[in-house]
Amino acid sequence: MWREIDRFGRKLVQYGLAHSHFGNISVRTGDGLLITRSGSMLDEIDENMVVHCHLYKEDCFDTIASSETIVHRRIYRQTSALAIIHVHSPYAVALSLLNGEDYLVPRDTESKYFLHRIPLVTGGVGSAELAENLAEALSQHKAAIVRGHGTFAAGKILEEAYVNTCSVEHACKVHYLCTVSAF
Amino acid sequence: MAIVLVGVNLLFERVFYFMFGWWGKGLEVDLGSGEITVKQLPREILEMYLGGRGLGVKLLWDYLPAGIDPLSPQNVLIFAAGPLTGTRTPAAGRHAVVAKSPLTGTIFDGNAGGYWGTALKKAGYDYICFKGRAASPVFLMVRGERVSLENADFLWGKNTGQTMKLLGDRFSAESKGTFKYRFSCIGRAGEKGVAFASIMSDSGNVCGRGGLGAVMGSKNLKAIVVGGGKRVPIADDDVFARYRRDILRLLVASPVSSKGLSSFGTPVLVNLINYMRLLPTNNFRSVYFPEADEISGEKIRDNFERKKKACYGCPIACKARAGEMEIPEYETLALLGPACNNSSLESIMEINTLCNDYGLDTITTGATLACYAEILGKNLQREEMLELIRQVGENEGAGAQLAGGSAFLAAKRGKPEAAMQVKKLELPGYDPRGALGMALGYATSNRGGCHLRAYMIGPEIFGKPKLLNRLTLADKAGLLPVFQNFFAAMDSLVVCKFVTFGAGEEELAAILGSVTGVYYSAQDLLRIGERIWNLERLFNQREGFSAGDDTLPERFFQDSADGYAGGIDRDEFLRALREYYFYRGWTEEGIPSAEKLAQLEIEV
């Protein structure tokens, strides 16, 4: 499974959706989740860069897992997601800072069809508040944006989470370009 | 009993000597004559060595002649706070203790958390330095500017628990509001000169390693009581508050500090280190303990009602009690557990309680028991271990041989290869074969086999600040000095190492500047650490240590352990050691060059 995580990690970096060692990827494994380690780079994933954590309680592996493990865990417990991708994609972050609403309404047709509205949520990095807000948002949406931080996208498989991540960034890019060109 | 009152805080002193963060003064106590004096510290010494470990090392270098017996009256014992101690800097409620070690013969510093260091700062002092030996047992009483030596006959012969209780009974009525008395003391092991006797501060905060408690006992100094109501002056409160928030935010964002350590304490490491094949088992003859889960952080969480404890100003709160017993730290679990082939959590907790009461370093105790078991060729059972520890604490019977530490014991028994130590300090809970930066760190540590000098667990285990490949020595020789310098500075501020799972030298330099009003860059902080490291190296050279002491027990170069076939490659290790000397600016013999010392403004 780490090879799938590696494959999509490389794509995310390649297309500018993730940078440096920011962002994280996980896959649900029954009563557990396989998640990238804290400090790992998404385009350099190997079997030592992912860690298996328990879904229902913290254990020692939380110490070396992504700082957002608490968020992934809460989303899996509260939604039907089986894969989650979190990145700091630039247009989504920028637009979340420019938009004061609770939702972002895409302007392009495809995003309107598939994403409908994109929730904008708040909460500190790796905090219980963020976990709760995102789990609530992703119980009804494919993806959400954390204000000033980045996107969380869910799917049944990693590819679906990847598609949703790309869709949100595309929707935000179009929205941003429309906004800028209006001036 | 001579009682000496020291001078009042004169007005001119505040006008002409005012500093932020530091008070610029310390107490010098001659236990032989009973004379107590207040010594003003030059500002440049504080700015160059900060406080804590750095200040202690500087004073020890200046005060101590070469070659003295560490348990003789000539040794000097220094308790020092740092410029951040007593402020609300996260996890900065620590103090350092520095002396020549009776266990290693090296310069030695340890530090402890709790509230004692903060009380020292609130009393208006940066340090206390003890010289000589009292004719009969005494304790030092510091009530702000009133300082006296008091008769300690009623405490002598008592272990730490009873000593703390007697002191608490005597002084708790005088503690009011923010003015609280805090205690540091030794147990019977310190009185009896056990080479790895510790110093207990408050209850459960131990300055554990190197036998500093024995130095205290050799001076007939049973305890130090400090209390004060001063506020540590901060140069810019608003800027300080901002930098403090920055650090707190980083600690929340780090899973190590906000999840693992906060939820489980250091026992979270047991299963993790075992999973990584690093857990010292059967006196470092294996790196995997099949029953590790029985003594793990998860087991403790599921079976005990943990009551968390925090040191002054610490948001992590990694310590905990279960009823009347302290939850053991990871190192204690590792060395009294797997290293001794012991999977009984209850017995480890019982032994830990006994060690703390006697005032014994649990790492060296566990490692020495593991060494003893290997020499005997059998596992030690719970009752045997408890009885041996009592004998060690009393320095009598079979315990008398163990009371000198594992190197002393193994040499006496004609099996030096059974002692898992560097420079006679026993190795902690990480097998060096599986973390090669740590291995080089053990070998080059100025106080012997210690994980805290370079704290390579950060990058090699936790991925902080960046995950390094723990199975290679490549590039480690260049990185290691940076980490060693950084943690020498941290120990001088004095800030807990766990802060570095979130914050780095930039944040710490910034908050130091806001407290002291003196501008420090991150590079300045590292340079101070480098100065301290080099001075420690000079001290050890003066005591006869050389490059030949920068090595590891033979076991790690020869024996395979699960996944580490053939042990550490000796040639590669020696190459990395030579590179390390080069990066340090030292000669090929590991001696700091004249140019390096001049660059660091160290006068020899």
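Guide: In chain B, H8, H19, helix H20 (476–493) and helix H21 (505–516) each supply at least two residues of the lining of the largest pocket, where helices are DSSP runs (H or I, at least four residues) numbered from the N terminus. This is a predicted model, in which local features need pLDDT of at least 70 and side-chain atom pairs count only at pLDDT 80 or more, while totals for chains, interfaces and linings use all residues. Residues are numbered from 1 along each chain as its sequence is written, chains are lettered from A in the order in which they are written, and side-chain values use heavy atoms, leaving out hydrogens and water.

The largest pocket has a volume of about 1,000 Å³, and of the 41 residues that line it, A:His21, B:Leu250, B:Lys464, B:Phe501 and B:Gly502 are the closest to its centre. A pocket here is an open set of points on a 1 Å grid over the protein atoms alone, where a 1.4 Å probe fits, with protein on both sides within 12 Å along at least five of seven lines, and lining residues have an atom within 4 Å of a point; the volume is the space filled by probe spheres set on the points. By class, the lining of the largest pocket has 15 nonpolar, 19 polar and seven charged residues, with Gly counted among the polar ones and Asp, Glu, Lys and Arg as charged.

The second largest pocket has a volume of about 530 Å³; it is lined by 22 residues, and A:Arg37, A:Asn48, A:Met49, B:Leu467 and B:Arg470 lie nearest its centre. Its lining has 10 nonpolar, four polar and eight charged residues.
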